[in-house]
Amino acid sequence: MKIAFFNTIKSWGGGEKWHFDAAVHFANIGHEVYFFGDSNSKLKTRLLDFPTITYIAINLNNFSFLNPLKRCALMSKFQELKIETVLINNPKDLKIAAYAAHAAKVPRIIYRRGSAIPIKNTFLNQRIFKNYVTDVLANSQATKETILANNSQLFPKDRIKVIYNPIDIQKFDRLEYKRIVPNHTEDELIIGNLARLAPQKNQKFLIDLSLELSQEGIKHQIYITGKGELEEELKNYNTEKGTLNNVHFLGFTDSPRSFLIDIDIFVLSSLWEGFGYVLAEASLAEKPIIAFNISSNPELVKDHISGFLTETNNISQIVEKIKILQDSNLRRKMGDAGRKFVLESFDKNSIYKHLEEYILQGK
């Protein structure tokens, strides 16, 4: 089959990881794979190592869908390549790629939705989903439910398929361990957060949490790993709150497994998640998790079994759960349960079987 992946995001995130991994998988099992992406993207850099995938550079902005020359050029390319299925990643791409694919008579036009945020009920979206998109692929039940939140008639619900993100468990387990978190005293709880420093990830909450933990007399260190646009603002807030001795920013790490092994408890402060890869990874590292009871979190964290789910931004609830998790035996028990759950639910091999059936057979 001739499959096109369409993702022009320049940076690297969960959606980009999914498109990259899926493109490589389908190329490896013998399909003709094309990747439409930005000429300066992280995806392009990574895909250079895979000569069986043809990378087609296309630079778009939010208004490219209004440009008839770009639309026609893209339509012609789809026709020339005889694309049979196109998977589109984000709203900016969807506006132009769905139209062009439809005009080129591509049989399946799949919008892959990875964020549990309602789609805007605009006239343009109504037109796109009614006339151009043939299928929608969601990465969680939470994402599926939010797609139609603003308009239940936007797209047939029975044509929204949920397939969880695949986790390469063997690859994760093989990652070399190297110490990330500095040495600490035996009586300190080490709390970790691994995410982009962005508004969605809500890391100011962790600074406020540290202040509350100190007031409760709970010895702790919080380590935040990641880079992003809020780095300076978060560091200033940390200084302002007087939590410099307890909250530390470690920057980007290429060894998430090492970081997760080093901590005692993983706290996810995100305000929403399409599919929390990092929650699965924390469970694979056998760490108990505390997260808000929102979006797809309940699909990845089994409340009171592999971790705890709380009300959004409820510091007192999280402090209560951290107090409970001072018990190392309970931490170990929850960590074991979390790893078992991920092994049973998100293993790459079984997930890709579902994805193959969906892409190749329309099931």
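Student: Which strand does β6 join through three bridges, and where does that strand sit?

Tutor: This is a predicted model, where local features need pLDDT of at least 70, side-chain atom pairs count only at pLDDT 80 or more, and totals for chains, interfaces and linings use all residues. Residues are numbered from 1 along each chain as its sequence is written, and side-chain values use heavy atoms, leaving out hydrogens and water. Strands here are DSSP runs of E, at least two residues, and helices are runs of H or I, at least four, numbered from the N terminus; two strands pair if DSSP finds at least two bridges between them. With three bridges and a parallel run, the partner of β6 is β7, residues 160-162.

Student: Is Ser41 buried or exposed?

Tutor: Ser41 is in the loop between β2 (32-37) and α2 (42-47). Its relative accessibility is 2%, so Ser41 counts as buried.

Student: Which side chain makes a polar contact with the side chain of Ser41?

Tutor: A polar contact is a pair of N or O atoms within 3.5 Å; within protein, one must be able to donate a hydrogen and the other to accept it, and residues adjacent in sequence count only if both atoms are side-chain atoms. At 3.1 Å, the partner is Tyr55.

Notes. Buried < 20%, exposed > 50% of the residue type's maximum accessible area, 1.4 Å probe, protein only.
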